[in-house]
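Try each task before you read its solution.

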Amino acid sequence: MTLPSPARLLCAALLSFGLVGSAVPAVADDVLPKPSVTAQAPSTTTAPAVPATPPALSTSPTSPGTPVPADLPANEPAQATTTPAQDEITSFVPDLDWNPLADPDSDARYGEHYTEPATPLKAASPLSTDGGAGLAAIAPRSGTFKVTLVTVQLSGKTVADTNAINMGAARNSITSANAYWNAATAGRLSMTQVNEFRHVSAARITDSYGTIMATVTKELNWQYRPYESLVIFVPHADLNYNGSWGILGGGFTDGPTSGRVIMPYPSALTNNVVTHEFGHVLGLHHANSLACTNARSDVPRSGASWADPSCWSSEYGDTSDLMGFAQISSPQINAFLWEYGGFGRGDEIRNLGNLTSSQSVTLRPWGGTASNRAVKFTDPASGETYYLELRAPVGSDAATAVGGNRGVKITKKDILGWSGNASIVLTPNSQRSGWGNSSLAWQQGQTFTAHTGTRVSINSVSNAEAVVTISSVSAYASYFKYSNMPSIYGRLPNGTFRALSWDEYSQLGQPGYQTLGPVSFVMNSWNGTIYLIGADNKGQILSFQDWDAYGRPNPTVSKLIPGTYFTTKFDSKLYYMSPAGEIPATDADYKAAGSPPLTLPTRYVKYDWDTTVYQQKATSLTASTATTVSHDQWAAAGFPAPQVISYIPGTTFFKYTNLGTIFMKTPTGATHPATYDEWRSAPLSAQGYTDAGQARFVMNSWNGTIYLIGADNKGQILSFQDWDAYGRPNPTVSKLIPGTYFTTKFDSKLYYMSPAGEIPATDADYKAAGSPPLTLPTRYVKYDWDTTVYQQKATSLTASTATTVSHDQWAAAGFPAPQVISYIPGTTFFKYTNLGTIFMKTPTGATHPATYDEWRSAPLSAQGYTDAGQARFVMNSWNGTIYLIGADNKGQILSFQDWDAYGRPNPTVSKLIPGTYFTRSDNKLYYMSPAGQIPATDADYKAAGSPPIRTS
């Protein structure tokens with residue numbers, strides 16, 4: 001090797017090339033190299049990067065006062081304060097047999113895979129510049145790459161540094177890449193060197209290598225033409241990426257047959273690196289490996305990530321592949337990348353298709369030349385395609401297909417790269433990944449299990465062949481057929497289904513199926529769509545091919561297929577709910593269908609600035625109403641998520657005479673300054689606004705809240721910013737703003753009904769306001785175990801009364817939904833002397849074993865209980881009903897569970913329980929049991945001994 005001058009010897013010797021072969025590179029941020037200040041470069045975008053940890057600062061032999069430029073990376077020797085002679089070597093020049101991977105302090109790695117965007121110098125590339133689009137796969141290519149080889153003298157480097165580039169090794173790397181890719185394309189592609197020259201550049205070795213390439217590209221006025229490539233060598237042992245050294249080379253994809261390569265001084269890895277970088281020129285990304293802390297052998301995708309957070313893609317981790325980590329040899333690219341790049345003759349990979357049954361196949365060495373030497377199959381459950389190949393020490397795999405890397409290699413498309421141009425190897429132990437993993441292949445006796453359950457069993461492995469058995473799981477969750485149709489259908493997990501051919505059904509093992517009712521073919525008279533429907537009138541649209549396969553049956557034609565209807569979606573547009581789902585409809589469709597009644601939808605809505613939830617019901621195609629929803633009503637509906645909309649029916653607009661703002665007022669009275677979009681979303685009939693009179697600014701004397709109100713004393717709280725925007729007007733201060741009041745909510749707590757709505761209040765607030773009379777509320781309540789509805793009226797902050805509500809009274813009030821509560825005033829508690837249970841008795845006499853919560857919810861004054869005497873268990877001889885009663889012969893019916901809980905006591909049986917009787921009302925017979933009135937039959941009456949009937 002050539003050493004630099006003595007003045008720089010120590011710096012160069014200590015220069016860290018970052019060649020840590022055993023480390024797993026981390027995935028970097030997707031950043032661009034900073035352009036050199038000496039020449040502006042075309043912008044580039046990168047594949048996900050693999051940086052190294054920046055090496056430690058090198059120790060320089062210069063004196064403490066020697067200046068070091070601030071823009072130099074920590075591990076790059078400082079430039080001399082005097083310009084070196086052009087015949088002086090300033091760089092470390094490695095021998096050709098120097099292997100960076102053998103350096104114990106190494107961090108050797110490839111550079112990023114760049115794709116170039118369109119520039120004035122080139123046409124738009126069909127490859128993506130941002131990883132989001134591009135070629136799904138590349139068609140086979142044929143032609144000869146014309147390679148221009150340039151040695152670049154960088155700014156700050158000498159002629160001697162550049163002369164030290166071994167041109168024989170540089171030329172040989174192109175020859176090596178030509179041999180590799182010519183063989184991989186069955187002779188269709190070749191590379192020939194057509195130009196070779198020296199170039200003096202303004203770029204510096206301290207620039208990121210992407211910036212160096214961009215600078216040189218522009219300086220050379222390099223044109224991006226098909227089947228032309230630029231390869232440059234620069235005078236340094238390695239390259240850097242944003243100050244991180246150890247880069248062995250970089251590739252730039254400019255099109256399907258165009259690209260550029262940048263290389264440092266040649267070494268033992270140069271042939272591999274140039275061949276790898278030409279893989280990028282040809283559109284390939286990297287060969288990666290699946291890494292999982294939980295040792296999974298496979299994992300499903302979740303968008304652009306793996307579904308299991310314990311797993312990630314270890315970039316370059318497939319060491320048995322040219323597009324993996326750098327190494328001395330250049331192994332064969334895997335079958336996935338082979339197919340993606342359109343390499344070979346096209347017959348190397350046997351396609352087993354959508355695998356629905358077990359199948360045994362024989363694999364031949366992938367490094368060989370046999371047809372159908374690898375296989376691929378599609379997992380029917382996931383739709384993912386897996387590639388199987390035998391890695392044996394044959395051809396370009398001779399040096400790498402050894403030990404644990406000899407065997408069956410399994411790959412699929414990775415989440416990295418773009419347009420599916422990166423592969424991932426699925427290994428027997430994903431807890432090991434990176435350069436140190438030398439067991440990438442599956443061995444005889446092992447079984448790979450895909451994340452769906454599909455298995456690949458390795459039956460045998462030799463250097464000549466491997467036999468594997470693929471056992472697929474069914475893609476279908478269940479099977480069915482229609483009773484009047486011959487086809488058997490497989491239903492997928494997502495609910496869709498399709499007809500199975502007899503061969504497919506047989507390969508699945510002829511599983512059992514559910515026989516469904518008959519189906520029919522129907523069609524509306526106003527369009528030509530034919531539907532296949534079942535007894536529920538649901539089904540699917542038939543394509544012409546489907547209809548033809550069924551024998552072109554004549555559909556039943558009607559104006560409107562039974563079970564279908566027209567509706568709207570609160571947007572004044574028509575939709576037809578066909579047997580196959582919602583379809584936009586026109587007025588002409590609706591009229592042709594006979595203008596049937598619209599099915600009008602309901603939804604839950606709210607404003608984003610108000611907490612009130614409304615139930616909105618469409619009343620016609622263009623109109624709707626909205627009513628507030630109580631918590632109980634919302635709970636009964638299952639707490640549906642309300643949709644935030646801009647206008648709720650019943651909302652009105654108003655404006656204060658002396659202010660420019662238009663306000664909106666909800667049906668509940670909440671107000672809000674209207675935005676233009678909110679105002680425009682209202683129907684035209686509602687867009688007018690009323691005059692709310694002069695706006696007034698008011699404030700209670702006992703707090704600092706300022707309200708903006710109108711003539712109705714309703715309004716909104718003003719923030720400091722709002723008040724400031726209005727010019728900080730002095731508010732009218734009073735003990736209690738007119739129209740406001742204090743109230744309670746049956747919870748012994750105070751609330752202030754301010755101009756802006758309800759606010760929790762304290763005793764101090766109430767007293768400061770002058771202790772005004774409370775406005776006491778009324779509500780309708782019931783128990784969840786009793787049907788009686790009560791009207792509850794607050795009589796003070798802490799007390800209330802309850803009276804029963806007749807059906808007529810409830811109807812007159814509009815059938816308000818009663819609130820279910822734990823204690824209704826007037827309810828008492830009692831206990832039988834010989835039982836431990838405490839019972840509650842409603843004002844109407846209904847009884848119920850009290851729960852702890854029900855007892856605790858009663859006021860302290862009502863929590864005591866009376867002694868109901870000895871409990872007795874009684875039963876009439878003419879039915880099996882057992883009652884639990886006290887001394888007053890009143891009580892409750894016992895369920896079997898209640899009777900069992902009491903130890904199954906023997907009831908006292910009589911024809912007629914004492915204190916009970918029969919009565920007649922409206923010519924109907926009733927039995928007045930211990931638990932209340934029960935309808936009775938003549939047979940009941942006779943069985944009870946025909947006692948005297950009381951009339952009511």
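H3 and H5 are oblique to each other. Keep in mind that this is a predicted model.

**Exercise 1.** Find out why H3 and H5 count as oblique.

*Solution.* Step 1: two packed helices are described by the angle between their axes and the distance between the axes. Step 2: helix H3 covers residues 167-184 and helix H5 covers residues 270-281. Their axes lie 8 Å apart, at an angle of about 55°. Step 3: angles under 35 degrees count as roughly parallel and 65 to 115 as roughly perpendicular. Step 4: as for handedness, the crossing of H3 and H5 is right-handed.

**Exercise 2.** Work out which residues in H3 and H5 meet.

*Solution.* Step 1: on the H3 side, look for Asn172, Ser173, Ser176, Ala177, Tyr180 and Trp181. Step 2: on the H5 side, they meet Thr270, Asn271, Val274, Thr275, Phe278 and Gly279. Step 3: sort the residues of this contact, and you get seven polar, five nonpolar and no charged.

**Exercise 3.** Decide whether helix H4 is mostly covered or mostly open.

*Solution.* Step 1: locate H4 at residues 209-219. Step 2: buried means under 20% relative accessible area. Step 3: nine of the eleven residues in H4 are buried, and the helix is mostly covered. Among the buried ones are Tyr209, Ile212, Met213 and Val216. Step 4: look past the helix, where asparagine 221 follows with a positive phi, near 55°.

How values were computed:
Residues numbered from 1 in each chain as written. Predicted model: local features only at pLDDT ≥ 70, side-chain atom pairs only at ≥ 80, totals over all residues. Heavy atoms only, no water. Axes fitted to C-alpha atoms, helices over the stretch in contact; angles between N-to-C directions. Helix = DSSP H or I, 4+ residues; strand = E, 2+ residues; numbered from the N terminus. Parallel < 35°, antiparallel > 145°, perpendicular 65-115°, else oblique. Left-handed = near helix turned anticlockwise from the far one by under 90°. Contact = heavy atoms within 4.5 Å. Nonpolar A, V, L, I, M, F, W, Y, C, P; charged D, E, K, R; others polar. Buried < 20%, exposed > 50% of the residue type's maximum accessible area, 1.4 Å probe, protein only.
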